[in-house]
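Please consult the sequence and structure shown here while reading.

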Amino acid sequence: MALIRQRKLSKQQIRRIEKQQLSQQDSLDDSLMDGVVIAHYGKQLEVQVTSLPAIIADKPEIGPDDPEPFWQPLALHDVWRCHARTNLPMLVAGDKVRWIADSNTGLGRIESVAPRTSLVSRPDRYHKLKPVAANVDILAIVFAPLPMAAPSLIDRYLVVCHHAGVTPLLVLNKADLLSQPDFASVQNLLDDYQALGYETVLTSVDCPENLLNQQDAQPHDDLLAATAQQGLQDLKAKIDQKLVIFAGQSGVGKSTLINALLPDSEQSVNVISENSKLGQHTTTTSRLLPFVTHDLSQGGVVDTPGIREYGIWHLTPDDVISGFVELAPLAAFCQFRDCKHTPNAKGCALWEAVEAGEILQRRVESLVTLQAEADTKDY
């Protein structure tokens with residue numbers, strides 16, 4: 001079989017092709033606009049328009065006897081369903097993108113994604129990292145007296161924040177329950193994290209979880225209502241103009257807090273099971289909910305399912321301890337470089353500090369548990 005030779009182009013032909021390619025690129029650039037991904041549905045994403053393109057297509061003129069064609073106009077703050085180019089990474093809520101709209105079909109195509117300032121990910125069922133949200137500023141770790149706070153889960157989220165480049169905020173919801181003797185330990189837990197330098201806020205948002213399905217529950221008095229409103233205002237002040245994720249056990253009031261912060265968000269709220277006293281998870285689709293309607297520049301909440309199941313198998317034991325702000329500096333003084341920090345570890349500086357009352361035993365035990373999980377390599 002004779003080989004087909006590639007035709008040699010003249011300099012004039014090469015210049016003509018390059019000029020045509022530049023013209024096509026200029027035409028594409030004129031049609032591109034900025035947007036933010038606000039939701040991900042399978043192979044399609046919802047993108048909100050944050051800037052308009054240099055050239056906006058006009059609706060085609062039709063004759064008197066012609067049928068009305070489909071045409072979706074383009075306007076600032078509109079939300080469009082889009083596909084992404086195959087060479088792009090997996091996109092998530094919070095991603096800032098450049099995209100092009102086709103008013104003839106009502107669909108868009110994402111051409112590029114801006115560099116991310118932070119990325120929160122979690123392992124999926126196949127032990128691969130799955131991005132959850134991008135460009136997040138704050139991870140609000142919500143816990144409550146009921147269901148009982150899980151300190152180990154809070155420590156896990158703090159490690160997540162450290163490696164995702166996200167600021168943690170500890171939110172103790174249902175703080176009105178702290179007056180009951182059974183929940184005094186929760187206040188001590190909050191005090192411990194405050195002593196470590198973590199920002200905290202107390203909220204007492206009135207919600208169905210607090211009622212525990214009791215039909216005869218009495219309404220909150222004026223003082224409690226005022227306290228709840230003050231707590232909500234404190235929370236608003238800390239997350240103002242920030243992109244926030246709420247994480248925590250089911251039933252602690254994450255969706256209720258979002259409802260209070262964003263009355264139009266229409267988040268589903270379940271009550272705590274009377275038998276198990278455990279929450280029932282409600283959120284099913286990740287979505288960016290802006291604080292100010294149609295204005296994502298003012299920040300918002302990325303409401304996402306599954307973040308409570310965050311695994312750390314992809315981290316090393318050294319990665320884990322770097323997320324324990326008070327323990328990481330002490331580890332350098334352990335007798336052995338590969339110290340496991342278990343209670344019987346010889347020359348462990350962490351346990352020496354525990355005995356001296358300088359650090360919390362609970363935090364060292366939490367570190368050991370998380371390091372053991374991170375040390376599992378073979379899947």
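## Overall architecture

Residues 24 or more positions apart account for 68% of the contacts (heavy atoms within 4.5 Å) in the protein chain with a separation of 6 or more. The model is a predicted one, in which local features need pLDDT of at least 70 and side-chain atom pairs count only at pLDDT 80 or more, while totals for chains, interfaces and linings use all residues. Residues are numbered from 1 along each chain as its sequence is written, and side-chain values use heavy atoms, with hydrogens and water left out.

The protein chain contains ten helices and 13 strands; these are DSSP runs numbered from the N terminus, with helices (H or I) of at least four residues and strands (E) of at least two. Of its 379 residues, 42% are buried. Here buried means under 20% relative accessible area, exposed means over 50%, and partly exposed lies in between, with a 1.4 Å probe and protein chains only.

The protein chain exposes about 21000 Å², of which carbon and sulfur atoms supply 51%. Accessible areas come from the Shrake-Rupley method with a 1.4 Å probe, and for residues only the protein chains shown count as cover. Leu 52, Ile 56 and Leu 76 make a nonpolar surface patch of about 230 Å². Patches consist of residues with over 30% relative accessible area and no salt bridge; like charges are joined within 9 Å, and nonpolar side chains (Val, Leu, Ile, Met, Phe, Trp, Tyr) within 5 Å.

## Packing of α2 against α10

Helix α2 (residues 151–164) and helix α10 (residues 361–374) have axes that come within 10 Å and cross at roughly 65°. Axes are lines fitted to C-alpha atoms, for helices over the stretch in contact, and angles run from 0 to 180 degrees between N-to-C directions. The crossing of α2 and α10 is right-handed, that is, the near helix is turned clockwise from the far one by less than a right angle. On the α2 side, the contact involves Pro 151, Ser 152, Asp 155, Arg 156, Leu 158 and Val 159, and on the α10 side Arg 362, Arg 363, Ser 366, Leu 370 and Glu 373.

## Salt bridges

Side chains of opposite charge can pair when their charged atoms come close. A salt bridge is counted when a side-chain nitrogen of Lys or Arg lies within 4 Å of a carboxyl oxygen of Asp or Glu, and the count by this rule is twelve. Three of these pairs are tabulated below.

| Pair | Closest N to O distance |
|---|---|
| Glu 46 and Arg 81 | 3.5 Å |
| Glu 373 and Arg 156 | 2.8 Å |

Because Arg 362 lies in helix α10 and Asp 155 in helix α2, their pair ties together parts that are 207 residues apart in sequence. Asp 155 is buried at 0% relative accessibility, whereas Arg 362 is partly exposed at 23%. Asp 155 and Arg 362 also belong to a network of salt bridges that includes Glu 326 and Arg 363.

The pair of Glu 373 in helix α10 and Arg 156 in helix α2 likewise ties together parts of the chain, here 217 residues apart in sequence. Arg 156 is buried, with a relative accessible area of 16%, and Glu 373 is partly exposed at 25%.

Glu 46 in strand β2 and Arg 81 in strand β3 link distant parts of the chain, 35 residues apart. Glu 46 counts as buried at 11% relative accessibility, while Arg 81 is partly exposed at 32%.

## Local backbone features

The peptide bond from Leu 146 to Pro 147 is cis, with omega near 0°; Pro 147 is located in the loop between β8 (138–143) and α2.

Asn 135 is not a glycine, yet has a positive phi of about 60°. This residue sits in the loop between β7 (129–134) and β8 and is buried at 10% relative accessibility. Lys 174, also not a glycine, has a positive phi of about 60°. Lys 174 is placed in the loop between β9 (167–172) and α3 and is buried, with a relative accessible area of 1%.

Asp 192 belongs to helix α3 (residues 184–195) and is partly exposed at 27% relative accessibility. The C-alpha atoms of Asp 192 and Leu 360 are 8.6 Å apart, although 168 residues separate the two along the chain.
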